[in-house]
Amino acid sequence: MTEYADLILSGGTVVSETTSFEADVAIKDGHIVAVGEAAAMPSAAETVSVAGLHLLPGAIDMHVHFREPGYTHKEDWGTGTSAAAMGGVTTVFEMPNTNPPTRSATEMKAKQVAAEKACVDFGLYGLLAEDNIDELQGLIEAGANAFKCFMGNTFGNLPSPSTGAMLEGFEILAKTGHRISLHAETASIMALRQQKLQAAGCNYPLHHVAARPDIVAVEAVARAAHLAEWTGARIHVLHISSAAELIPLADAKRRGVDITGETCPCYLLLNTSDYDRLGSVIRVNPPVREAQDSAGLWDALLSGVVDMIATDHAPHLPEEKRKDIIWEADCGFPGVETQMPLMLTQVAEGRMSLEHYVKISAVSPAKSFGLWPVKGRIGVGAHADIAVVDLNRKETIKAERLHSRGKITPFEDVETTGAPVHTLVRGAFVQRDRSLVTGMAGHGRQVTDIQQMPEPAPKNADRFLSSVLAGKSL
Ligand SMILES: [Zn+2]
């Protein structure tokens, strides 16, 4: 029992993925040292009343684009992590489609320098592309937490790897156990359709959906799952947008493939009926689809076929988003600050329990990417990464108030119920009373030191290209 704590959060309700209970939480040196009745708490330097509020494990967002280096007019590590802090997000995993892309140890080290101004904790994705298979080991040694494979093009237009390069990359990463996150849309289908639509003068927002029908996701998820099944690589399907791709996802899970999946608020809360109203602002890859897709995604999120919520935080300037010709509008929008208010609103409306929200926003990402039990829970020994939430707080989303540099959102003027009123990262307030705490730049740390993936489980290793070349088989 610790005799003296730094901070006690007193009188709140602690929420886990299975239950909620009133308890005080004591924090020392960034860790939770006691959870329980007030009488059982150690004495502390500071006690903050959180009576009437709920303590959630801070959200862990496996999918953000903070644009630095290369596109800092859209976002940088300071603005991106400030937005996260305001959104109750305490850990982010950041994507490699910066300029230059995070394709080798050199760029990984440069990104670690850029991230030194982060105020929340973070992981960094290395790129898995056609031409950098020989760099994967160097990326791991430089601290890559996971890998990103763009099966379909998106911002940055990194060429998609061939299935051959994907297999070789999967073989290498199956041996190390790093999870590979997939932009699972098949590039060749989309390129052909978009080219023909453009040539025919089809320039409306809904033509973006027509260029990327759900078969692009079905084909890509199924193909990646087969490669993962054969190699034993761990994979994660990013931004699931369609009901159809849930079928190969669920099927792969049944076959024992180590596969997880995420969806994002836009796919749950928007559909094709919003395209006229939102115009090119709604353009995102993959596209927002039909109402029946949203319904299927909700079912899958509640049943566990979809494991987690992420945001695909992808900021652009308003003038880069508002275009008359849909193909000229940049894809994506900021999300890391609005996810929690939007999803807590769904909790308030009875669509999901608060405990399930904790599961999909913190527990599942922590477990899938090796951060559990240090992150993703409020319990003794864990990092004190906490979103203190007022479930009754009413707000209206306004892009101009977002802390991202991308001051545009498809959720403009949406009224929300529930918001994080304080955010703590390893015991320190980074957001307090709905205001950013100044002077916290640099508080954020890369999670490399705590990430513990289960033992790698490669299959067919004797037939991996490296084994064949080494003369170990045949
Ligand atoms: Zn993305």
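Which elements cover the buried residues of helix α2? I started my notes with that.

**Entry 1: ground rules.** I am reading a predicted model, where local features need pLDDT of at least 70, side-chain atom pairs count only at pLDDT 80 or more, and totals for chains, interfaces and linings use all residues. Residues are numbered from 1 along each chain as its sequence is written, and side-chain values use heavy atoms, with hydrogens and water left out.

**Entry 2: helix α2.** I looked up α2, residues 105–114. Helices (H or I, at least four residues) and strands (E, at least two) are DSSP runs, numbered from the N terminus. In α2, I found Ala105, Glu107, Met108, Lys111, Gln112 and Ala114 buried. Buried means under 20% relative accessible area, exposed over 50%, partly exposed in between (1.4 Å probe, protein chains only). The cover over these residues includes α1 (77–86), β7 (89–94), β8 (121–127) and α3 (136–142). Contact here means heavy atoms within 4.5 Å.

**Entry 3: the cores.** Next I checked the largest nonpolar core, which has 91 residues. Such a core is a set of buried Ala, Val, Leu, Ile, Met, Phe, Trp, Tyr and Cys residues joined through side-chain atoms within 4.5 Å. Leu56, Val92, Phe170, Ile180, Leu182 and Tyr357 have the most contacts inside it. Helix α7 (residues 215–231) gives the most to this core, with six residues. Another core, of 18 residues, lies apart from it and includes Ile378 and Val421.

I then followed Phe170. Not counting residues up to four places away in sequence, Phe170 touches, among others, Leu128, Ile180, Leu182, Ala224 and Leu227.

**Entry 4: valine 288.** Is Val288 buried or exposed? I find Val288 buried, because its relative accessible area is 0%. Val288 sits in the loop between α10 (275–278) and α11 (291–303). Its C-alpha atom is separated by 5.6 Å from that of Asn271, 17 residues apart along the chain. Leaving aside neighbours within four places in sequence, the contacts of Val288 include Val209, Cys266, Tyr267 and Asn271.

**Entry 5: domains.** I read the domain assignment, whose bounds come from an automatic or database source. It gives domain 1 (4–52) and domain 2 (59–351 + 358–367 + 392–414). I noted 34 Å between the C-alpha centres of domain 1 and domain 2.
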